[in-house]
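Have the coordinates open while reading.

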Amino acid sequence: MLSDYIPIAIFVVVATGFAVFTLVFASLLHSEKYNKVKLEPYECGIEPITDARDRYSIRYYLVAMLFVIFDVETVFMFPWAVIFDKLLLFGLIEMVVFIFILVVGYYYAWQKGALEWA
Amino acid sequence: METPAVHHGAMFDTNELVINMGPQHPSTHGVLRVVLRLDGEKVVDADVVIGYLHRGIEKLSENRNWTQIILLTDRMDYVAAATNNVGYCETVEKLMSIEVPRRARYVRTILCELQRIASHCLWVGTHAMDIGAMTVFLYAFRERELILDLFEEFCGARLTYNSMRIGGLPLDIPPGWDKKVLEFCMIMGSKVDEYEELLTHNRIWLERTKGIGIISGPDAVALGLSGPPLRGSGVPRDIRKDEPYAAYDEMAFDVPVGSAGDTYDRYLVRMEEFRQSLRIIRQATEGIPEGPIVGKVPRLIKPPAGETYHAIESPKGELGYFIVSDGKSTNPYRFRVRPPSFCNLQGLRALIRGHLVADVVALIGSLDVVLGEVDR
Amino acid sequence: MGQAIAFYTLAAFILGFAVLVVSTKDTVHSVLFLVLDFLFVAALYVLLGAPFLAAIQVLVYAGGIVVLYLFVVMLVNLKRPPEAHQDPHRRTKLGFGLAVAVLLELGAIATYGMTRTGSPLVVPGTNGPLPGNTEQVGWLLYTSYLIPFEIASMLLLVAMIGAIVLAKREL
Amino acid sequence: MIDQFVIPLLKIVVVLNATLLGVTYMVLLERKVIAWAQSRLGPMRVGPYGILQPIADAVKLVIKEDITPVRADKWVFTAAPIISMVPALIVYAVIPFGPTIHLFGRPVSLYIADVNVGLLYIVSVASVGVYGIILAGYASNSKYPLLASLRASAQLISYEVAVTLTLVSVILMARSLSMVSIVNAQYNAGVWFAFVQPVAFVIFFIGGLAETNRAPFDLPEAEQELTGGFHTEYSGMRFALFFLAEYANMIVVSSVATTLFFGGWLRPFPNVAALHVLDVIPSWMWFLIKSFVFLYIFIWVRATLPRYRYDQLMRIGWKLLIPLAIANLVVTGIVKVLIA
Amino acid sequence: MLLSAALFIIGVIGVMVRRNIIIIFMSIELILNAVNINLVAFSAQLQNNVGQVFAIFVVAVAAAEAAVGLGIILAFYRNKETVNIDEMNLMKW
């Protein structure tokens, strides 16, 4: 049971080690001839006029928020799907009610234009 | 002016972000700089900044003799150099009232139309590339290569041809060249279908171009647009038909016009122009008359005092030359070009307002500007 | 033994990152530490025999909620550091008092819990014959805890609507 | 001890190397296939037919100057590619390349781990990968990357919803979250799930294209609009890590599509005994062949289609794929109840 | 258990000490996580999965809380241009 996860743990360590190693390895080899202009952030050859970390559209937040909600809802569905054979009709009704409530919210978001992007 | 549709988005926060697109940007077709004011991804307003490729061709021309200027005009619209040469030479011929022999006019027509196809090839490739279809780009360049080969055989150069002389042509067409041109017409016809197959009915392409950057006919006229952007809006203005030059009065061809005035219509107009150009080239090549290639031109070109304006239909639109001669010196007193790209670029700000960042590149592409011509 | 080592290592990481979350000046770094913290908590869940919950922890917390945080941090672009000026009127003392009280309570629970270790409480019927953690959790969720489950969906609906309303410019 | 640590470690090393090799040659393959599609030759200079090109690329990326922009958040800037890379690699832990086989008289399973939350593990690990992109954009402190990273992360999470919802209907069929059990369920059912769940497969594949930022959904790195996307400011090895992560993710999507919808390591018609000549090809080869087909489609699509615009992309995700996924889920449930 | 308590305390301290409301929210997430660890630990100790079920509910609640809470932060930020908790005295807007 738990031993199933040991390989995963090893893999995480190996993968991270690999990523870090390549960066360190490359940093030992590559050349460094910097100058001020080269280190400027790219903005099509123009000196940046405003700070990049300016404010961005709130729609990104809305998308992320909807994602979190949907994510949680999907998480509830996973165990349901696994044991569906034992629940059958009862389970189906449960989930239809659940999805219906979700769809109400989805419809609201759609109506309010939270899904629009232009 | 067309106001962009107001979406639900207007309810949400509007924080503007100023971002420079260009001069060093992969898809501003050169060194165009567009300063975008964005709300999220939507363009609230834009400033078009030009001048990064200014070489002072107009001023330089005042210190060159009349023949040397042909060489300078090559460098304006560098993807359609022959057209520039024709426009300039015809203006001077008009100023000096020189009769150009028919054979020379036919060859000029062929060169102009080959050039139009080459320019449109470059346009369709880059325009498709802007919208993310990378394959069309290489297909179009493959065919453009054939045209460049033809030009190379004709005048030895592949980009800046210097292929005209005042009063006619510098040299006659090489033997067998006309056959090769006809052969090219055969190949090109099917290749245009190939491009259309990849794009015209592609749903993503339709979604990306239909209804994007709509400009009505009267608006397009008011903004001074010309060429395909004007015809895409339904105005059937084509100098080849309206004020024929070279041998266009002897050619049968149609002027395609759009209806909606959106990016897709401009695309369709140009695609149809491919076919019409091929039609013209075929007629001209088959009916090419015998005769001299240069008219009666004095040894020292010195037009009489006066001024004239002459325009031709370049691949991009109305290419006009305004030349003043003082009648005393061997160079023009004033030399002024009305480049189609420059005037078409006027429309950009009106077009992109209210659209998304991704549409900006599509719209720059649909205007088909060449910065060498804009900045001169 | 191996489990104990793993547990204490993970615990050390969790606490370390938690401290970093609270103490880091840069909000984005703080969010980053929060993600790492959550990932280690997920590892801890696996250790405690709750792999399903661990996956949820990663999926919802690390992959969802924290992305939301990150977006908000980027949206509100902190031009002036919020810690700049102090307000003497904050009722920190009361807060610490509360914290201590909660700590005591937790300590009591913990001690209680430890005294009970000897007799694992097996509620009959809940650990049905189902194999696998997901199945067991699912079974419980969709039989005994049906009402909370549906209420949770209502809660999420309300949250969604609330967030949309809040995010709009004109309230 | 050996079973618990050494063998997994060996398998990990093998898988890691295979992945890296796969990724590098994937890049070459992509360049070649696209070149052929465009009537070009593609890389031809390094080695015969350019087969050593990936090595040259790797050497170049390693010795290339690595620039950190002045106003960047230095630590996050370095951490972002690592955060992007690690999830892309560790997903391979649960992908079954084949069943248990006997090697040197010892049963060896051709997967690193078979955990009973396998599918959920993939989804959740993949969801962590989004940080790499957001943080890359944030840390660069440059407008194009920042805009692109916000775009990218919104895109990734949007399509993740659709993909995850779709997976639920697959689980309904397989009754398990374990990848190995899902393949076995297809063996028992005698049919690949792609034929039972075509809608789910289509949604998954479109979502997969979007999740890996591939054409026609390659907006986050839309060269023509946002220059280089979120890795505009990256160069050298840090850029290489992003690149590796992206291609590794492509392979993951192909493998998962193979496992979930095309029977994983099973040969075609696994239950028809008459076709057992197909067993000549070992099971892991079947897996690789099927995955390769998907990778080829990825490349093919890229060479063919233009790119969607951002709002269209979000509209497809939220207004088309998600309702479709929900409907598919409900229909699957109803059908299952009716059958039972 | 001790771990959970310690995490809880760090969370509480975070709420108390920091003035950046986003960090305060993150501290609240830490507290919720502490609760979850507790639930899971008990569930493991008592061989009973109910704790895990409740932990899932806690996750759902956390998601809802984050969505609405951050929505409030955004609304607040738009009005006051700050994320300092001390300036958030609701009645005086």
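How much area do chain A and chain D bury between them, and what share of it is on carbon and sulfur atoms? The model is predicted, and in it the two chains bury about 6,700 Å². Carbon and sulfur atoms carry 77% of that area. Chain A puts 64 residues into the contact, and chain D puts in 79 residues. Salt bridges between chain A and chain D number 0.

**Helix pairs**

| Helix pair | Crossing angle | Axis distance |
|---|---|---|
| α1(A) and α3(D) | about 140° | 9 Å |
| α3(D) and α5(D) | about 160° | 8 Å |
| α3(C) and α6(D) | roughly 150° | within 12 Å |

**α1(A) against α3(D)**

The crossing is right-handed. From α1(A) come Phe11(A), Val12(A), Ala15(A), Thr16(A), Phe18(A), Ala19(A), Val20(A) and Leu23(A). They meet Thr78(D), Ile82(D), Met85(D), Val86(D), Leu89(D) and Ile90(D) of α3(D). By class, this contact has 12 nonpolar residues, 2 polar and no charged.

**α3(D) against α5(D)**

α3(D) also packs against a helix of its own chain, α5(D), residues 130-140. The angle of about 160° makes the two roughly antiparallel. Their crossing is left-handed. On the α3(D) side the contact uses Val76(D), Phe77(D), Ala80(D), Ile83(D) and Ser84(D). On the α5(D) side it uses Tyr131(D), Gly132(D), Leu135(D), Ala136(D), Ala139(D) and Ser140(D). The classes here are 8 nonpolar, 3 polar and no charged residues.

**α3(C) against α6(D)**

Chain D meets chain C as well, through α6(D), residues 143-174, and α3(C), residues 51-75. How do these two helices run, roughly parallel or roughly antiparallel? Their axes cross at roughly 150°, and α3(C) and α6(D) are therefore roughly antiparallel. The crossing is left-handed. Leu59(C), Phe71(C) and Met74(C) represent α3(C) in the contact. Their partners in α6(D) are Leu146(D), Ser149(D), Leu150(D), Ser153(D), Ala154(D) and Glu160(D). The contact divides into 6 nonpolar, 2 polar and 1 charged residues.

Key. Residues are numbered from 1 along each chain as its sequence is written. Chains are lettered from A and ligands numbered from 1 in the order in which they are written. This is a predicted model: local features need pLDDT of at least 70, side-chain atom pairs count only at pLDDT 80 or more; totals for chains, interfaces and linings use all residues. Side-chain values use heavy atoms; hydrogens and water are left out. Axes are lines fitted to C-alpha atoms, for helices over the stretch in contact, and angles run from 0 to 180 degrees between N-to-C directions. Helices (H or I, at least four residues) and strands (E, at least two) are DSSP runs, numbered from the N terminus. Angles under 35 degrees count as roughly parallel, over 145 as roughly antiparallel, 65 to 115 as roughly perpendicular and the rest as oblique. A crossing is left-handed if the near helix is turned anticlockwise from the far one by less than a right angle, and right-handed if clockwise. Contact means heavy atoms within 4.5 Å. Ala, Val, Leu, Ile, Met, Phe, Trp, Tyr, Cys and Pro count as nonpolar, Asp, Glu, Lys and Arg as charged, and the others, Gly among them, as polar. Buried area is the accessible area (1.4 Å probe) that two parts lose on being put together, summed over both. A salt bridge is a side-chain nitrogen of Lys or Arg within 4 Å of a carboxyl oxygen of Asp or Glu.
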